[in-house]
Amino acid sequence: MALSRLEKVQVWLLKAAAGLLFALFRLLSPRSGAPSGSRKLPPVSCPLLLMSATRLAHKIRRKEVSSVEVVQAYIDRIQEVNPFLNGVTKDRFDAALQEAKQVDVLIEEETGGEEVLEDRLPLLGVPLSVKESFALQGMPFTCGMVSRKGVVATVDAPPVALLKRAGAIPMGVTNTSELCMWCESNNHLHGITNNPYDFQRTPGGSSGGEGSILGGAGAVIGVGSDIGGSIRMPCFFNGIFGHKTTPGVVSLENQFPVCSGRQAEFCSSGPMCRYAEDLLPMLRIMAGPNAGMLSLDTKVDLKKLRFFTIPHDGGSPMTSPVSEELMAAQRKVVERLEADLGVKVQEVHFPEFRYGIQIWDTYMSLPDKEGKLPTPFVELMGEPGKSTWPFWELLKRMVGRSDHTMAAIGLALLEKARVTEPSAFIIQQKERLQKNIDELLGTDGVFLYPSHPRVAPKHHHPLFRPADCAYTGIINMLGLPVTQCPLGLGEEGLPLGVQVGAGRLQDHLTLEVALYLEKTFGGWRDPGAN
């Protein structure tokens, strides 16, 4: 079924607005982003930086290495790479070293043995990075807002508290897009974050600081949130693993901005890491009392799963075509699955995927059960004062006086242009897609889908193709768990990858596939290596 005439006009207006905003940005903004001098990160030289969190915890418990040594190794690496990346916006190195010393004393005094420590404190002594939109007690809690400068978290967000309770040691907080609502981590409070594989390119957003510092080996595990791809896009662009959990499993409390309307149905918090074996233990910890909702202890036999591949969105006029390089990478995954596991991967197509960005935009704007609409973006931009006037901010931007990024101003302008009543056609497309994909997947189905139409774009280029996030955003609207998996490097030396999704609450299936893909395709690659 084709779009209505009104919706075709909306598509045209969105493209025209995006093009205009991009042109204005290029005209009015100074060139920024990539540091001068070296164009490549230093290679990893410390062996401790090349171990998973699971392995590091094991070695720390066995006294083969001290927590202080591990934490110091990551401090040294962050200090080495962060001037290039601008991923970490505020560190807590002194506190982290003190906590590492306490860990080493605890291990020396423990009389119950290694098994007791592993059961009680599975991440004891392991460094952790935290997305700055999560409350981390005593650390900035700004979400990239100039107006929130000086806001400090007084408590820990539940997933952070659970990871700390499991023994992890936070090293600092990392950069986000303004209000976590754009696919590039750039704001006027902390600046722009760079991709470790190419400083001229974006690490994605909104968890781009996490993606960048993890991809640059300045962290081994981290936490992110995802309402449209904010875990998966940064993980894809930076060549690491990330998991968007089934919604409702990991707490969203003490994050900013707060979900409103129906947004909590589509938002998830989850783990980001360089090594696939850390995904499941991190998720078990972050889920806390809700871990029982998932079958994380169930052994998965990949040969007994049903596999599907969805090569593209069916040709939406609003998204970029998937590059041949990424389509070829996904085909290689299909070939290896069939050759290694003896399974048949069925290619399927859902015509409703063409409307992915319209579905995402429509459902993000729906009221909750009590009829209360989501908090307007212009109101969030004005936090903690009055709502922002986007046209006034655009004028201020032209003379370099706005505290807001062009992306945020553009989103606010689009919000003003949004049709009040949701499209019945788009609602119908989503409901049909939900029914069909739920029936297809069941409890033993797994699908492959591109993480993005192209590899990491250059800084600010997403302004010109804002709808490309539909490849991740549509999965949020369907409420499915999905794991982003790296698939090596492409022709330009940039990470390739694929999304692996499954039915609701079947997170353990995608995590098992992630382990297989890491073994088969090599996982994360050191961006500083030759």
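Student: Aspartate 156, then: buried or exposed?

Tutor: Aspartate 156 counts as buried because its relative accessibility is 18%, where buried means under 20% relative accessible area, exposed over 50% and partly exposed in between (1.4 Å probe, protein chains only). Keep in mind that this is a predicted model, in which local features need pLDDT of at least 70 and side-chain atom pairs count only at pLDDT 80 or more, while totals for chains, interfaces and linings use all residues. Residues are numbered from 1 along each chain as its sequence is written, and side-chain values use heavy atoms, with hydrogens and water left out.

Student: And which residue does aspartate 156 form a salt bridge with?

Tutor: The partner is lysine 164, with 2.8 Å between the closest N and O atoms; a salt bridge here is a side-chain nitrogen of Lys or Arg within 4 Å of a carboxyl oxygen of Asp or Glu. Lysine 164 is partly exposed, at a relative accessible area of 29%.

Student: How many salt bridges does the structure hold?

Tutor: There are 24, and Lys59, Arg62, Glu64 and Glu114 are linked in a network of them.

Student: Where do aspartate 361 and arginine 418 sit in the chain?

Tutor: Their side chains meet in a salt bridge (2.8 Å, N to O). That pair links distant parts of the chain, 57 residues apart, with aspartate 361 in helix H11 (residues 356–364) and arginine 418 in the loop between helix H14 (406–417) and helix H15 (424–441). Helices (H or I, at least four residues) and strands (E, at least two) are DSSP runs, numbered from the N terminus. Aspartate 361 is partly exposed at 27%, and arginine 418 is partly exposed at 34%.

Student: What about arginine 454, which residue is its salt-bridge partner?

Tutor: Arginine 454 pairs with aspartate 468, their closest N and O atoms being 3.1 Å apart. Both lie in the loop between S11 and helix H16 (470–478), 14 residues apart. Arginine 454 counts as partly exposed at 22% relative accessibility, whereas aspartate 468, at 1%, counts as buried.

Student: Switching to S11, how many of its residues are buried?

Tutor: Strand S11 (residues 445–449) has 5 of its 5 residues buried. Both of its faces are covered, with Gly445, Phe447 and Tyr449 on one side and Val446 and Leu448 on the other. In a regular strand the side chains alternate between the two faces of the sheet.

Student: Which strands does S11 pair with?

Tutor: Strand S9 (residues 306–309) runs parallel to S11 and is joined to it by 4 bridges, while strand S13 (residues 495–502) runs antiparallel to S11, also with 4 bridges; two strands pair if DSSP finds at least two bridges between them. Phenylalanine 308 stands opposite phenylalanine 447 in S11, and leucine 448 stands opposite valine 500 in S13.

Student: Last topic, helix H4: which of its residues are buried?

Tutor: In helix H4, the buried residues are Phe93, Ala96, Leu97, Ala100, Val103, Asp104 and Ile107. Seen down the axis of H4 they fall within an arc of 110 degrees, so they line one face of the helix, the arc being that of the directions from the helix axis to the C-beta atoms. The face turned away from that buried side carries the exposed residues Asp94, Gln102 and Glu109.
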